[in-house]
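Visitor: Could we go through this structure together, beginning with how residues are classed?
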Amino acid sequence: SIMVKEILDFLNIQPGETGFDATLGYGGHTKAMLQCLNGKGHIYATDVDPEESVKTKKRLAEQGFGEELLTVKLQNFCTIDEIAKEVGGFDFILADLGVSSMQIDNPERGFSYKVEGPLDLRLNPDKGISAAERLRELTRDEIEGMLRENADEPYAEQIAKEIMKTFRQGKQIDTTGQLKEVIERALVFLPDDKEKKDTIKKTCQRTFQALRIDVNSEFEVLEEFLEKLPHILAPGGRVAILTFHSGEDRLVKKIWKRQQKEGLWSEVAKNVIRPSKEECHRNG
């Protein structure tokens, strides 16, 4: 889990409080927050992944954090207002916007270009359409726009052009490996040097990120969540959001700045807290 100490320092969780963990994932942050409650209080956690949320709930229960302390709901975190209606306002809220390592490490989910698997990228594999299907729906301009907006991809034009060329030739882009090959072909004009390998790697990461955000409507979900936040906090409530790329970061800052002007927040942190050098080094 990322920046656990910094998050706990900021949220200042007290026994007896009620909290919300927007993205349960593997449960690392959830466990740390539960420990702060010292057996008094409650955390509500959401996750859209039907497979991993069951495993995490079971793991936490085995570690002493059962249903009297933790309620896990299989729904999107933008439904936070529905949960708040049941429980009242929240004293602390954490939204970790990163993808769980359990999802990335499972080749069947298609989250990583490093392992061969179906090009899926859905956080909930039972809903919506896969990334492979989504690519077939989009025009060249739409693909280019998605890559720019969701990942600030500098080679968006070349990648979009190569994707459409691949489809016109009657070829498929149904697997992670096939998409990686498309990206490699799109960047064939780069000089063959040691930097090319690193550029391809970073371009693959950004392209997969952009597709994942699109397939799961992540920006729309985040915006809905942010608009609801000021209205479901208890007096004195605190919110921490972990962002992982510039698109998320821009959206959070923009909405919070506007909400503060509207008088919805008593205080918004002026400075972003970044992970320490030691943590960055540990996480490679």
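This is a predicted model: local features need pLDDT of at least 70, side-chain atom pairs count only at pLDDT 80 or more; totals for chains, interfaces and linings use all residues.

Visitor: By class, what does the lining of the second largest pocket have?
Guide: That lining has 8 charged residues, together with 4 nonpolar and 4 polar ones.

Visitor: Which residues lie nearest the centre of that pocket?
Guide: Of the 16 residues that line the second largest pocket, Glu149, Asn150, Ile213, Phe219 and Glu220 lie nearest its centre. Two or more lining residues come from each of α7 (140-151), α10, α11 (218-228) and α12 (246-261).

Visitor: And what is the volume of the second largest pocket?
Guide: The volume is about 320 Å³.

Visitor: Let us turn to α10. How many residues has it, and what does it span?
Guide: Helix α10 covers residues 194-215, which makes 22 residues. From first C-alpha to last, α10 reaches 33 Å, close to the 32 Å expected at 1.5 Å a residue.

Visitor: What caps its N-terminal end?
Guide: Asp193 caps the N-terminal end of α10, with a side-chain oxygen 3.0 Å from the backbone nitrogen of Glu195.

Visitor: Which residue just after α10 takes a positive phi?
Guide: That is Ser217, where phi is about 50°.

Visitor: Now the largest nonpolar core. How many residues has it, and which have the most contacts inside it?
Guide: The largest nonpolar core has 32 residues, and Leu119, Leu135, Ile143, Ile163, Leu179 and Leu211 have the most contacts inside it. The elements giving two or more residues to this core are α6 (131-137), α7, α8 (156-168), α9 (176-186) and α10.

Visitor: Which of these gives the most to the core?
Guide: α10 does, with 6 residues. As a general matter, nonpolar side chains tend to be buried together in soluble globular proteins.

Visitor: Back to backbone angles. Where does Met3 lie, and what is its phi?
Guide: Met3 lies in the segment before α1 (4-11). Although Met3 is not a glycine, its phi is positive, at about 50°.

Visitor: Is Met3 buried or exposed?
Guide: Met3 counts as buried because its relative accessibility is 5%, and buried means under 20%.

Visitor: What about Asn38: where does it lie, and is it buried or exposed?
Guide: Asn38 lies in the loop between α2 (28-37) and β2 (42-46). With a relative accessibility of 58%, Asn38 counts as exposed, since exposed means over 50%. Asn38, a residue other than glycine, also has a positive phi, near 55°.

Definitions and conventions:
Residues are numbered from 1 along each chain as its sequence is written. Side-chain values use heavy atoms; hydrogens and water are left out. Helices (H or I, at least four residues) and strands (E, at least two) are DSSP runs, numbered from the N terminus. Buried means under 20% relative accessible area, exposed over 50%, partly exposed in between (1.4 Å probe, protein chains only). The expected span of a helix is 1.5 Å times one less than its number of residues. A polar contact is a pair of N or O atoms within 3.5 Å; within protein, one must be able to donate a hydrogen and the other to accept it, and residues adjacent in sequence count only if both atoms are side-chain atoms. On a 1 Å grid over the protein atoms alone, a cavity is a set of points where a 1.4 Å probe fits but cannot get out, and a pocket is an open set with protein on both sides within 12 Å along at least five of seven lines; lining residues have an atom within 4 Å of a point. Grid points are joined across faces, edges and corners, and a volume is the space filled by probe spheres set on the points. Ala, Val, Leu, Ile, Met, Phe, Trp, Tyr, Cys and Pro count as nonpolar, Asp, Glu, Lys and Arg as charged, and the others, Gly among them, as polar. A nonpolar core is a set of buried Ala, Val, Leu, Ile, Met, Phe, Trp, Tyr and Cys residues joined through side-chain atoms within 4.5 Å.
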